[in-house]
Amino acid sequence: MTVPTAIITGAGSGIGRTIAERLAADGMAVLVVDRDGGGATHTAARIAAAGGQAQAHAADVADPAAMAGMAQAALDWTGRIDTCVANVGIMVEGDILSVSPEDWDRAMAVNAKGGFLTARAVIPAMLAQGKGALVFTASTVALAGMKGVAAYSASKGAVAALTRQIAADYAARGIRSNALAPGAVRTPLSESQFRARAADDAGFDALMAQVIARYPVPRWGTTTDIAEAALFRATDRSAWITGQVLPVDGGLLELR
Ligand SMILES: NC(=O)c1ccc[n+]([C@@H]2O[C@H](COP(=O)([O-])OP(=O)(O)OC[C@H]3O[C@@H](n4cnc5c(N)ncnc54)[C@H](O)[C@@H]3O)[C@@H](O)[C@H]2O)c1
């Protein structure tokens with residue numbers, strides 16, 4: 001019997017780890033991909049301990065050969081790629097005047113080109129199957145402005161455009177493409193961003209509280225909030241939805 005198979009990038013930590021665990025709990029074999037091989041191995045071990053199927057795979061999404069190798073690893077393992085969650089993202093802070101051209105390139109290479117290379121690696125197998133679902137992790141900054149994240153925001157805007165473009169190009173051949181636009185989710189990425197800005201623990205707690213104050217649903221997002229939305233977009237539960245960027249943001253964009 002064939003096992004539905006999912007690739008999750010950036011699954012060695014944070015949101016990607018919980019998405020990998022959620023899809024595995026739903027019965028998918030999960031290829032856990034991360035540049036940090038130790039993180040990927042840890043996620044795969046957690047899935048196996050919970051009774052799921054997972055393999056760790058170390059790869060950098062900015063490297064075309066590594067992305068081709070990632071798709072091949074999934075095909076060698078189960079023979080299928082039903083779902084790919086292109087979740088990797090790095091934060092680059094700064095407005096147009098303070099962000100360096102090098103940091104702009106880094107945001108684009110990982111967040112935008114990384115999404116392109118991930119999709120490019122998995123779409124041939126999905127076309128051969130006549131079916132597949134891509135889910136990108138964008139951000140609310142792909143849909144609305146926020147101070148001080150010019151390069152990050154532009155790179156996530158590119159992810160949203162790529163999501164729609166793939167949907168348009170491949171809808172008739174069975175491939176759906178959607179994105180999630182998370183608001184503030186407590187993960188190693190968001191915590192390190194706020195730790196860097198705070199002088200001490202009290203300052204960190206105050207900054208974290210300030211973020212929540214902007215949210216109609218008054219709490220930080222959890223990785224589970226995002227993983228449930230990813231599961232919906234990654235499976236036939238959302239068979240007639242494609243090209244959409246779904247805010248998962250405690251009402252921030254619609255209600256503020
Ligand atoms: N945390 C938030 O508040 C938030 C909000 C909106 C969007 N997002 C997006 O969600 C996604 C996941 O964020 P997170 O908070 O879980 O981050 P995280 O830093 O906890 O996890 C990201 C993972 O990606 C891996 N990674 C980084 N660069 C890589 C590369 N080039 N190749 C392969 N792996 C790489 C890291 O090793 C890490 O394991 C990102 O795309 C991020 O932009 C996060």
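The following conversation covers the ligand site, a pocket, a cavity and an aromatic pair in a predicted model.

Visitor: Which conventions apply here?
Guide: In this predicted model, local features need pLDDT of at least 70 and side-chain atom pairs count only at pLDDT 80 or more, while totals for chains, interfaces and linings use all residues. Residues are numbered from 1 along each chain as its sequence is written, and side-chain values use heavy atoms, with hydrogens and water left out.

Visitor: How many residues surround the ligand, and which are the closest?
Guide: The shell holds 29 residues, with Ser 13, Ile 15, Asp 34, Tyr 152 and Thr 187 the closest; a residue counts if one of its heavy atoms lies within 4 Å of the molecule.

Visitor: What lies 2.6 Å from an oxygen atom of the ligand?
Guide: That is a polar side-chain atom of Asp 34. Ile 15 places a polar backbone atom 2.8 Å from a ligand oxygen, and for Lys 156 an N or O atom of the side chain is 2.8 Å from an oxygen atom of the ligand. A polar contact is a pair of N or O atoms within 3.5 Å.

Visitor: And how much of the ligand does the protein bury?
Guide: The protein buries 92% of the 840 Å² that the ligand exposes when taken alone, by the Shrake-Rupley method with a 1.4 Å probe.

Visitor: Which helix gives the most to that shell?
Guide: H6 does, with three residues. Helix H1 (14-25), helix H5 (150-170) and helix H6 (188-197) each supply at least two; helices are DSSP runs of H or I with at least four residues, and strands are E runs of at least two.

Visitor: Changing topic, how many aromatic pairs are found?
Guide: The search of the whole structure finds one. The ring centres of Phe 194 and Trp 220 are 5.8 Å apart and the planes stand at 85 degrees, so the pair is edge-to-face. Pairing requires centres within 6.5 Å, and planes under 30 degrees apart count as stacked, over 60 as edge-to-face and the rest as tilted. Phe 194 belongs to helix H6, whereas Trp 220 sits in the loop between helix H7 (201-213) and helix H8 (223-234), 26 residues apart.

Visitor: What volume does the largest cavity have?
Guide: Its volume is about 70 Å³, and the structure holds one cavity of 30 Å³ or more. On a 1 Å grid over the protein atoms alone, a cavity is a set of points where a 1.4 Å probe fits but cannot get out, a pocket is an open set with protein on both sides within 12 Å along at least five of seven lines, and lining residues have an atom within 4 Å of a point.

Visitor: What lines the cavity?
Guide: The lining has 14 residues, and Ala 86, Asn 87, Val 88, Asn 111 and Gly 115 lie nearest the centre of the cavity. H4 gives the most, with five residues.

Visitor: Where does the second largest pocket have its centre, in terms of nearest residues?
Guide: Nearest the centre lie Asp 82, Lys 131, Ala 234, Thr 235 and Asp 236, out of 18 lining residues. The volume of this pocket is about 300 Å³.

Note on methods: Points joined across faces, edges and corners; volume = space filled by probe spheres on them. Polar contact = N/O pair within 3.5 Å; in protein donor to acceptor, adjacent residues only side chain to side chain. Phe/Tyr/Trp six-rings, centres within 6.5 Å; stacked < 30°, edge-to-face > 60°.
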